[in-house]
Amino acid sequence: MRHSVTSNYSTTSNMRGGRKASSHGSTISKKSGRGFPSTEPTPSLLHTIQQYGASEDSYNNAAEVSQLRMSVRKMEDGQEQDEEEEGDEEDEEEDRFHVKRRKHPQSTPHLRSNKNLIKATSSDLRLYPSTNVRTSRSFNQKRLEDESDLRAAAHDSGDDVDSVQSIRTRKSLFQWLLWASESTRFQIYFFSIIHMVILLTITMTARFVIGQQIPSILIYNLIHAVTGFLGKISIAMGLRATQLISKEFTARNLIRRGKGVSLTSIAVPIPFLKLNADEGRTVRYIFIISLMILEANLWLLGIQMEWRETVSDLGQFACTPLQFSKPPTFRDDLGVFLQGSYELSRLYSFGLPLEDGVVGGMAAWPLYTPMTNFIITHPGIGFAVNSICGNLRPAPQQSNNHQTQFLLTDMTAWTSLFSVTIQVQLPAGSHDWAEYADSNILQDCMLRFMMGDADVGVSFISDGWGGIVPNALEHIRINGEGNLVGALWLEQLHSESTNDMYFGNVHDAFGKHTGKLDNLTRWVLEGVKHVLDNRTFAASSVSLTAFKSSKRTIYSDLLQWATLQDGRYHTNHTWKGLAAIVATTAQFVLLQHDKAPQTECMYSAMNGSGFIEAHPYVITLTTVTVVLCFVCELAQLFWWFLLSGGGEMNDRAARMLRNPRQMVYDLRKCGTELLETWANGVGNGPAAIARHYKQVFVRFGELRQTRSERKGMLVLGAPKDVLAVNDERPYY
């Protein structure tokens with residue numbers, strides 16, 4: 001039996017490539033003195049074959065497998081150079097052998113029929129060389145050399161590798177874009193999210209950008225243009241999302257309604273909506289109306305938006321702070337000097353108005369001129385004046401000198417505050433009391449004054465010759481240290497910012513008394529006495545306490561803020577004139593500061609920045625309309641998500657609804673029967689056509705005749721000819 005196995009194998013090997021085995025064996029015997037490995041199966045292999053009851057042909061195959069296994073092991077053990085050359089021939093012969101076996105599978109029927117043999121030789125078949133893998137060491141070396149060459153070539157020409165990767169990336173991107181363009185669900189989410197972002201941007205612009213300071217009017221113009229543009233984009237994105245939702249509902253009805261939908265409902269476009277499904281129709285109409293209202297509000301907002309230029313910081317530059325070490329020098333003609341400084345002055349040159357007085361201050365003197373008009377802000381000294389007048393009566397002694405006289409009748413001085421009582425005599429013909437127009441009148445006024453720490457911003461004006469003079473008090477912030485009120489801010493830019501501000505508010509904001517301004521308070525009181533106490537200047541050759549009353553445009557007047565455009569003193573404005581006199585005197589004292597070490601102050605000016613302003617009702621109306629649009633969009637989106645939610649088949653039906661060619665293609669099987677229902681003599685106008693096809697119902701699904709086939713056909717046809725689609729079934 002063993003001899004038979006050998007004989008049969010020899011015959012079989014000669015038929016299937018035995019020439020290779022014999023030549024190989026002879027070559028090996030000549031060169032190495034070793035014969036070809038035994039072609040007989042090993043005992044373990046024979047035992048396995050006998051165990052499974054294999055036939056004699058199975059032995060032959062087992063021997064063949066054993067021979068191949070031993071050949072592989074020998075060639076992998078490593079041979080000399082002459083063996084490697086013969087190994088190349090063996091590779092070629094083995095390749096031909098396997099090709100022949102693939103071409104003629106019928107030559108080994110016993111290998112296919114005997115399942116027991118397959119189980120027995122499974123471990124040996126793992127070593128069976130395939131058509132794509134060579135087992136010789138020479139081929140392995142060549143493969144390694146080729147791979148190294150390829151790596152080197154790829155390293156040298158990196159552009160080719162990048163080009164392949166770029167092609168793959170573009171292919172993936174194209175596939176994703178194709179899917180996005182076909183997916184109605186993706187487009188609904190995309191346009192809805194874009195529209196919500198637009199609504200959020202409009203809200204942020206209306207609520208947070210308008211009213212804020214921006215650096216340039218160019219940005220204002222950009223915001224103005226973008227706001228108008230967002231309205232147009234909002235209509236486009238919102239309307240597109242609504243159209244897609246309505247179309248998706250129609251596609252869903254075409255697929256899921258067993259009785260179908262009217263042919264007119266999918267063929268006749270509706271204004272704005274194109275396809276108007278029954279689901280969510282009211283919500284869609286409300287949403288479209290809210291879009292139109294929002295556009296109208298944005299038009300109104302654009303008309304109401306205004307630009308107001310404001311001050312912006314320029315940076316920190318050199319200045320001299322206020323410092324006082326010796327008392328100021330008072331001129332003998334201080335009243336005349338102050339009267340002359342009123343000629344071209346405003347109240348803002350000395351302070352800011354309160355409801356019952358004036359607040360003012362000074363911080364530093366500039367050492368740098370960035371432009372002709374600028375502001376310096378620095379910690380300095382603030383003051384407040386309170387004035388109240390009353391007890392108006394005719395003067396007991398009449399005089400014909402037509403002069404205004406002042407008399408200090410009472411005076412009380414504390415550490416940082418003083419109060420004085422002044423009697424004012426107005427000459428006949430200069431006041432507005434018509435009953436005593438030809439008589440002198442008297443009026444009693446009480447003044448209070450106090451000082452404290454504050455951050456003061458004063459504007460200065462410079463000229464081409466290097467001159468710098470104070471212009472006006474722009475703003476003052478009373479720090480409010482040590483009080484329960486907090487800081488107090490007053491500014492010149494808005495007149496309404498000083499409304500409801502009284503001397504008592506400033507008094508509370510100055511906080512605790514520190515004593516460092518006691519000397520300044522006493523010096524201001526001395527200056528007030530120089531100006532208003534006629535007993536102080538009684539011996540002077542020129543009366544400093546008597547001033548001619550006249551129109552401000554012609555003559556200077558110490559009580560000019562009590563003189564109105566008619567050129568007369570108005571007794572209900574006398575308190576303003578006296579408060580301005582005290583404020584001017586206090587500023588005269590503060591300007592006589594000593595030299596101090598140089599420091600840095602914040603410089604600011606009108607440098608192009610400003611505010612965007614609009615009426616509050618326009619902003620509120622725009623916000624309400626945006627909220628309405630947002631709620632309606634969420635409602636229609638949520639409605640669609642609950643009832644439909646999209647899907648592959650819905651996308652396929654929606655593609656038919658937006659593409660007439662696709663609809664004609666889907667009607668190819670059932671369209672003739674549907675379209676031939678037309679009766680002659682009923683007219684062919686648009687209304688007649690719409691009325692007729694409103695009674696024709698169609699459904700999108702699988703053609704009934706293709707249900708038994710492996711792949712179905714999707715068509716648009718009569719409900720009786722169309723079956724429901726199956727998501728698991730393939731379709732053409």
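This note sets out points on the fold, cores and selected local features of a predicted model.

1. Local features need pLDDT of at least 70 and side-chain atom pairs count only at pLDDT 80 or more, while totals for chains, interfaces and linings use all residues. Residues are numbered from 1 along each chain as its sequence is written, and side-chain values use heavy atoms, without hydrogens and water.

2. The protein has 23 helices and 17 strands (DSSP runs numbered from the N terminus: helices H or I, at least four residues; strands E, at least two). Of its 732 residues, 45% are buried (under 20% relative accessible area, 1.4 Å probe, protein chains only).

3. The largest nonpolar core holds 73 residues, and Phe449 and Met451 have the most contacts inside it. Such a core is a set of buried Ala, Val, Leu, Ile, Met, Phe, Trp, Tyr and Cys residues joined through side-chain atoms within 4.5 Å. A second, separate core has 34 residues, including Phe191 and Ile619.

4. Beyond neighbours within four places in sequence, the contacts of Met451 include Ile381, Phe383, Phe510 and Leu590 (contact: heavy atoms within 4.5 Å).

5. Helix α16 (residues 503-510) has Phe503, Val506, Ala509 and Phe510 buried. These buried residues line one face of the helix, because they fall within an arc of 125° seen down its axis (directions from the helix axis to the C-beta atoms). Their cover includes β5 (357-362), β7 and β10 (441-462).

6. Asn391, in strand β7 (residues 373-394), has a positive phi near 55° although it is not glycine.

Methods:
Buried means under 20% relative accessible area, exposed over 50%, partly exposed in between (1.4 Å probe, protein chains only).
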